[in-house]
Amino acid sequence: MFDRLDDILIHYEELMQELNNPSVAEDQNRFRKLMKEQADLTPLVETYTEYKKAKQVVEDSLALLEEESDEEMREMLKEELSDARKRIEELEQELKILLLPKDPNDDKNIILEIRAGAGGDEAALFASELYRMYCNYADSHRWKVELVSVNENGIGGFKEVVAMITGQGAYSKLKYESGVHRVQRVPETESGGRIHTSTATVAVMPEAEDVDVVIEDKDCRIDVMRASGNGGQCVNTTDSAVRLTHIPTGIVIYSQTEKSQLQNKEKAFRLLRSKLYDMELEKRQNSEAEERRSQIGTGDRSEKIRTYNFPQGRVTDHRINLTLYKLDKIMNGDIQEIIDACIAADQAAKLAKMNEM
């Protein structure tokens, strides 16, 4: 591990020298690539530098203890030595985590799909609440949310909603949300006051770039129509809505939220690229089923991942056995504690797997 860290440190120094070369800034693509690499390596380099300093403190303290006869000074040195050794253990763990292979999609924007499951109107209402929860979470990170399509049920619920979330590291955080979310509560539509269980399925896909997926024109059929539902002027008076059908897979994308047909078409293709990319990722992960099962956030979308129990004000994430009694805050977008716990569990599983090798 430390030979690898020393090589990274040398490479980082070379990288910084190259960035300081005025001619590099003339090639913007090269400059951006180097800046991203530097940003990715900085946490690792800073942690390793602190680790080396702590190791030096240990060596210096041990050397001084051999020479020092004053008891008070010896006690101070022993305390310093103990603190440095404790810090070394912490930093070693941090370095192992930082050296874990990074998900290449972590920096990507995402496509968020939420579909009402079992439970009729109540499931649709829950789907709309989950959508607002993610919008609030995105807003707290200053990410941009663009609605692509929504199919409402007439009482404020969503049978299906698709949105794009744009922001640094969106996929790295929200990828843990894919799966079946279950709600337990007395529905507003239920007069008997009985607790019902309803579900909604969340899918989080990394947005694919043009270079990730190539879509042939002959494989697509585009239909245009008038948008339906709520909207501003022009929404129901011009053929701005787009239905994009990918013939080889049968995937159908409907985009209607923009006034311009061109903008709706662009959104539809962005969504199609991401769906095809996600299908390819799923194939790859299925071929490594054992590894996939051991990782939080890449499980089967039919897996029940979380229960929201309204009578008890409780939210339970079943993958990591985490229960929090702050349901109101969570439904308002305060899901960072759950995401942090998922990240920690994912890292622990990967470290355990790495130690077995």
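This passage describes the largest pocket, helix H1 and several individual residues of a predicted model. Residues are numbered from 1 along each chain as its sequence is written, and side-chain values use heavy atoms, with hydrogens and water left out. Because the model is predicted, local features need pLDDT of at least 70 and side-chain atom pairs count only at pLDDT 80 or more, while totals for chains, interfaces and linings use all residues.

The largest pocket holds about 940 Å³ of space. A pocket is here an open set of points, on a 1 Å grid over the protein atoms alone, where a 1.4 Å probe fits, with protein on both sides within 12 Å along at least five of seven lines. Grid points are joined across faces, edges and corners, and a volume is the space filled by probe spheres set on the points. The lining comprises 31 residues, a lining residue being one with an atom within 4 Å of a point. Closest to the pocket centre are Leu-100, Pro-101, Lys-102, Asp-103 and Asp-106. Two or more lining residues come from each of the helices H1 (2-19), H2 (28-67), H3 (71-98), H5 (170-174) and H9 (336-356); helices (H or I, at least four residues) and strands (E, at least two) are DSSP runs, numbered from the N terminus. H2 supplies the largest share, 6 residues. By residue class, the lining divides into 13 nonpolar, 4 polar and 14 charged residues. In this division Ala, Val, Leu, Ile, Met, Phe, Trp, Tyr, Cys and Pro count as nonpolar, Asp, Glu, Lys and Arg as charged, and the others, Gly among them, as polar. The pocket lies between domain 1 (2-99) and domain 2 (110-209 + 295-356), because both give residues to its lining; the domain bounds come from an automatic or database domain assignment.

Helix H1 has 18 residues and reaches 25 Å from its first C-alpha to its last, close to the expected 26 Å, where the expected span is 1.5 Å times one less than the number of residues. Leu-5, Ile-8, Leu-9, Tyr-12, Leu-15 and Leu-19 of H1 are buried. These residues cover an arc of only 125° around the axis, and therefore lie on the same side of H1; the arc is that of the directions from the helix axis to the C-beta atoms. The face turned away from the buried side carries the exposed residues Asp-3, Asp-7 and Gln-17. Buried denotes under 20% relative accessible area, exposed over 50%, and partly exposed the range in between (1.4 Å probe, protein chains only).

Two non-glycine residues with positive phi occur in loops. Arg-142, with phi near 60°, is located between helix H4 (120-140) and strand E2 (144-152) and is exposed at 80% relative accessibility. Asn-321, with phi near 55°, is located between strand E10 (314-317) and strand E11 (322-324) and is exposed at 70%.

Three further residues have contacts across the sequence, given as C-alpha separations. Leu-351, in helix H9, is buried at 8% relative accessible area; Leu-351 lies 9.5 Å from Gln-93, at a sequence separation of 258 residues. Ala-116, in strand E1 (residues 110-116), is partly exposed at 26%, and 6.3 Å separates it from Glu-160, 44 residues apart along the chain.
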